[in-house]
Amino acid sequence: MSRYDEEAKYDRPKRRTRPRTKDRPSYDDAVIGFVFTRDRGRYACWVDDPDGGREVTAMKARQLGRTGVIVGDRVKLDGNATGDEGSLARIVEVLPRTTLLRRSADDDDPVERPLVANADQLVIVVAVANPEPRTGLIDRFLVAAYDAGMRPLLCLTKTDLADPDPLLSIYRPLGVESVATQQAGDLSKLREQLDDRTSVLVGHSGVGKSTLVNGLIPGADRAIGVVNEVTGRGRHTSTNTLVLRLPEGGWIIDTPGIRSFGLAHVEPDQLINAFPDLAEIARTCPRGCTHTADAPDCALDEAVAAGRADPARVDSFRRLLASREGRELHDASDETT
């Protein structure tokens, strides 16, 4: 048979690569770390040890694929986790998260953006003056906290410039706890609220977050900005999310000043579940009830009429719903920071 015979058949060479195995490394001996910041694909992780702890630089292992790693994540570290200069570990697994603070770019964007993992408290920093407080953005932070399962705390700054009570009266029906501070004042009450917790500080620029961080943690040296006297706008001074250990125990996570906080990812049922008394009443609502003021046959209205629900609390809850739906987007978007 001719070498070039058309009927000649040639078998494809057999693959000599080793077949894949379904077994995957368990990493039972991996070191557990806590991600406290990220910079250009490198993650700074804190690892507790008998000497008090060490900082370990790591990169995400290829096997994680598109699995995101964010500040606050507890991760398994493989490789060189000594923390020695020039060493580099690998993040091989992200442990289950207890909470997840999220936002979307705006109210029409269905893509959620995870911000911080495993924090148990959201500290909403608000200046009572210079710049003026924006209740729309505060409402949105509250919605995000309830959605994430985090405890919200209002931290009012610059109370030496204006009376905080008008602002506090808006949020009392929701049962939100608060603490007031003054410029260069005593921070002991705030420290009590932060002890042994992992707290995220949020707020638009100019409200005094960096000043608080520097007061709480000597040597933190977070840059401090000023507010323009004409526009009332603050200048962004914190440009990255950073976790810092509190001297008395606990952690605070300082975030950059936020200009907008979309809530497209939050469903109404998720929000009402953060208010057990109202959620119990809403169980008798018609299917698909939005719980808004114009919702037909909403059980919340019937409960208010019968004296079984606090009307101020229902109104406050509905204000949060309106904020989630973007009805107060101009007030909620911090375009003047």
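## A hairpin to start

Strands S12 (residues 242–245) and S13 (residues 251–254) pair in the antiparallel sense, over four bridges. Strands here are DSSP runs of E with at least two residues, helices are runs of H or I with at least four, and both are numbered from the N terminus. Two strands pair if DSSP finds at least two bridges between them. Arg245 stands opposite Trp251 in S13. Five residues lie between the strands of this hairpin, and Gly249 takes a positive phi near 115 degrees.

This is a predicted model, in which local features need pLDDT of at least 70, side-chain atom pairs count only at pLDDT 80 or more, and totals for chains, interfaces and linings use all residues. Residues are numbered from 1 along each chain as its sequence is written, and side-chain values use heavy atoms, with hydrogens and water left out.

## The chain as a whole

The protein chain has nine helices and 13 strands. Of its 337 residues, 47% count as buried. Buried means under 20% relative accessible area, exposed means over 50%, and partly exposed is in between, with a 1.4 Å probe and protein chains only.

Contact means heavy atoms within 4.5 Å. Among contacts in the protein chain with a separation of 6 or more, 66% join residues 24 or more positions apart.

S11 covers residues 198–202, and five of its five residues are buried. Thr198, Val200 and Val202 point one way from the strand. Ser199 and Leu201 point the other way.

S11 runs parallel to S8, and four bridges join them. Gln121 has Ser199 in S11 as its bridge partner. S11 also runs parallel to S13, again with four bridges. There, Val200 has Ile253 in S13 as its bridge partner.

## One cavity

How many cavities of 30 Å³ or more does a search of the whole structure find? The search finds one. A cavity is a set of points on a 1 Å grid over the protein atoms alone, where a 1.4 Å probe fits but cannot get out; lining residues have an atom within 4 Å of a point. Grid points are joined across faces, edges and corners, and a volume is the space filled by probe spheres set on the points. The largest cavity has a volume of about 60 Å³.

Strand S8 (121–127) and helix H1 (135–148) are the elements that give two or more residues to the lining of the largest cavity. The lining is made up of Ile124, Val125, Val126, Arg134, Leu137, Ile138, Phe141, Gly203, His204 and Val207. By class, seven are nonpolar, two polar and one charged. Nonpolar covers Ala, Val, Leu, Ile, Met, Phe, Trp, Tyr, Cys and Pro; charged covers Asp, Glu, Lys and Arg; the others, Gly among them, are polar.

## Helix H8

H8 has 14 residues (311–324), which at 1.5 Å a residue should span 20 Å. The expected span is 1.5 Å times one less than the number of residues. The end C-alpha atoms are 20 Å apart, which agrees.

Eleven of the 14 residues of H8 are buried, so the helix is largely enclosed by the rest of the structure. Among them are Arg313, Phe317, Leu320 and Arg324. The cover over the buried residues includes H1, helix H2 (165–171), helix H5 (268–272), helix H6 (276–282) and helix H7 (299–305).

## Two loop residues

Val69 sits in the loop between strand S3 (54–60) and strand S4 (74–79). Val69 counts as buried because its relative accessibility is 6%. Beyond four places in sequence, its contacts are Val35, Tyr43, Lys60, Leu64, Val75, Ile91 and Val94. Glu93 is 24 residues from Val69 in sequence, and 9.4 Å away in space, C-alpha to C-alpha.

Asp297 belongs to the loop between H6 and H7. Its relative accessible area is 58%, so Asp297 is exposed. Not counting residues up to four places away in sequence, Asp297 touches Pro286 and Glu302. Asp297 and Pro286 are eleven residues apart in sequence and 7.1 Å apart in space, C-alpha to C-alpha.

## Backbone exceptions

Most residues other than glycine have a negative phi, and most peptide bonds are trans. Lys158 has a positive phi of about 60 degrees although it is not a glycine. Lys158 lies in the loop between strand S9 (151–157) and H2, and is buried, with a relative accessible area of 11%. Asp196 also has a positive phi of about 60 degrees. Asp196 is in the loop between helix H3 (188–194) and S11, and counts as exposed at 64% relative accessibility.

The peptide bond from Asn130 to Pro131 is cis, with omega near 5 degrees. Pro131 lies in the loop between S8 and H1.

Technical notes: On a 1 Å grid over the protein atoms alone, a cavity is a set of points where a 1.4 Å probe fits but cannot get out, and a pocket is an open set with protein on both sides within 12 Å along at least five of seven lines; lining residues have an atom within 4 Å of a point.
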